[in-house]
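I opened this one up to see what I could read off it. My notes follow in the order I looked things up.

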Amino acid sequence: MGPLRSVVLAGGGTGGHIYPLLAFADCLRRHDPGVRITCLGTPKGLENELIPPAGYDLRNIPAYQLPRSINMNLVRTPGRMWTAARAAGKVIDEVRADVVVGFGGYVSVPAYLAAWRRELPIVIHEVNVPPGVANRLGMKFTKHVAVGFPHQPAQAESLRDARVVGVPLRRSIAGLDRAAMRNAARAHFGLRPDLPVLFVAGGSQGARSINLAVAGAAKELARNGIQVLHVIGARNEPVSVPTDLPVPYVTLPYLSDMDAGYAAADLMLGRGGAMTCAEVAAIGLPTIYVPYPHSNQEQKRNALPVVEAGGGLLVDDAEVTPDWLERTVIPLIRDPQRLHAMGTAAAAYGRRDGDEALLNFVYEAVSR
């Protein structure tokens, strides 16, 4: 198989679609600096903030939320979808794409439709169970389906024949040596090098219930010599943290270089989004997972295999109180042997080569 000349990547809306897309784009470029990479997005998606600064060509097309039930929107959808697919097709023709690789989100559907009409190879990467609605639709047009985690083919009939490749991770995370980076990362955030650090982050949206519980436990954590690095989430209200604590408690609205947060941490407290699970497992960071409660439980399904492998703890959102955190976090973070065992188990479950494995899969699909 010769090198790919032009690749169209589709995925947008949330970080869960965009971060693996960017990591895969970086991998493509590493292998062939001359490859043309074009990303499809929508005017309102987070991709507008993430893709152009990373140095990739972003073309926005109209994309419409797919209705999950039969209603008037579904009746209007074919016309809208036709418009969006025509726009995607124009881009595909202009860049003379060899393949379309989709990561989910509404923008993927017009890309899949346009590629299918041109008999162009389509590769789908999916990280959730059940698969997202856009990728479910895409699976009607291709057999080339890759997944991020080993539990997915077992849990979803539609993914039974999918190839497990892992999740493409940014190099700054896939190559992270936490121990080597620890002191520099702590200095960067104004944390002390000699005391344990709890890293709290609820994903790109943050998590109000987690934020309030940790702020409520701040005094007791500090009294036990535990520092906190707390990413509130840009869309959340600021939390009030006591000011007279004996050890640092650092709050940030948002953190773009998560690798620094991971490196500073002894233990993480966060949600169970697919990207979080993939990243913390790959780097062997012990984590307490608090899956988002108002969904189809996909975050619980993401986190459970890591926890069952010994790489962390799982707790229901409703149970996360200041009292629970004090009883759980304090003894755990002060037990280096237990943390080490958890970290080792997480790393054995996770993988750092998802980008390379997906690239090999794409080469296979194109050569067929």
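**Entry 1: C277 and the other cysteines**

I began with C277, which lies in helix 11. Before going on, I noted that this is a predicted model.

Is C277 buried or exposed? Its relative accessibility is 0%, so I have C277 down as buried. Leaving out residues up to four places away in sequence, I found C277 touching G272, Y289, N302 and A303.

Next I looked for disulfides, with two cysteine sulfurs within 2.5 Å as the cut-off. The count came to zero. I checked C27 to see why. The closest cysteine sulfur to that of C27 is in C39, and it is 14 Å away, too far for a bond. C27 itself is buried, because its relative accessibility is 0%.

**Entry 2: the cores**

How many residues does the largest nonpolar core have? I got 40, and the ones with the most contacts inside it are L9, F24, L28, V101, L358 and V362. The elements giving two or more residues to this core are strand 1 (6-10), helix 1 (15-31), strand 2 (36-41), strand 4 (99-102), helix 11 (274-282) and helix 15 (354-367). Helix 1 has the largest share, with eight residues.

Apart from this core I found another, of 33 residues; I226, Y249, L267 and I333 are among them. As background, nonpolar side chains in soluble globular proteins tend to be buried together.

I then went back to L9 for its contacts. Not counting residues up to four places away in sequence, L9 touches L21, F24, A25, L28, I37, T38, C39, L40, V101 and F103.

**Entry 3: a buried glutamate**

What does E47 touch, not counting residues up to four places away in sequence? I listed G12, G13, I18, G41, T42, P52 and L58.

**Entry 4: the second largest pocket**

I put the volume of the second largest pocket at about 350 Å³. It is lined by 14 residues, of which R136, M139, K140, T142 and S158 are the closest to its centre. Which element gives the most to this lining? Helix 5 (residues 133-138) does, with three residues. Sorted by class, the lining of the second largest pocket has six nonpolar, two polar and six charged residues.

I finished with the torsions. V129 and P130 are joined by a cis peptide bond, with omega about -5°. I placed P130 in the loop between strand 5 (122-126) and helix 5.

Which non-glycine residues did I log with a positive phi? One of them is R96, at about 50°, and another is E119, with phi near 55°. R96 is in the loop between helix 3 (72-95) and strand 4. E119 is in the loop between helix 4 (108-117) and strand 5. Are these two buried or exposed? R96 has 68% relative accessibility, so I count R96 as exposed. E119 is at 74%, so E119 goes down as exposed too.

Conventions
Residues are numbered from 1 along each chain as its sequence is written. This is a predicted model: local features need pLDDT of at least 70, side-chain atom pairs count only at pLDDT 80 or more; totals for chains, interfaces and linings use all residues. Side-chain values use heavy atoms; hydrogens and water are left out. On a 1 Å grid over the protein atoms alone, a cavity is a set of points where a 1.4 Å probe fits but cannot get out, and a pocket is an open set with protein on both sides within 12 Å along at least five of seven lines; lining residues have an atom within 4 Å of a point. Grid points are joined across faces, edges and corners, and a volume is the space filled by probe spheres set on the points. Helices (H or I, at least four residues) and strands (E, at least two) are DSSP runs, numbered from the N terminus. Ala, Val, Leu, Ile, Met, Phe, Trp, Tyr, Cys and Pro count as nonpolar, Asp, Glu, Lys and Arg as charged, and the others, Gly among them, as polar. Buried means under 20% relative accessible area, exposed over 50%, partly exposed in between (1.4 Å probe, protein chains only). A nonpolar core is a set of buried Ala, Val, Leu, Ile, Met, Phe, Trp, Tyr and Cys residues joined through side-chain atoms within 4.5 Å. Contact means heavy atoms within 4.5 Å.
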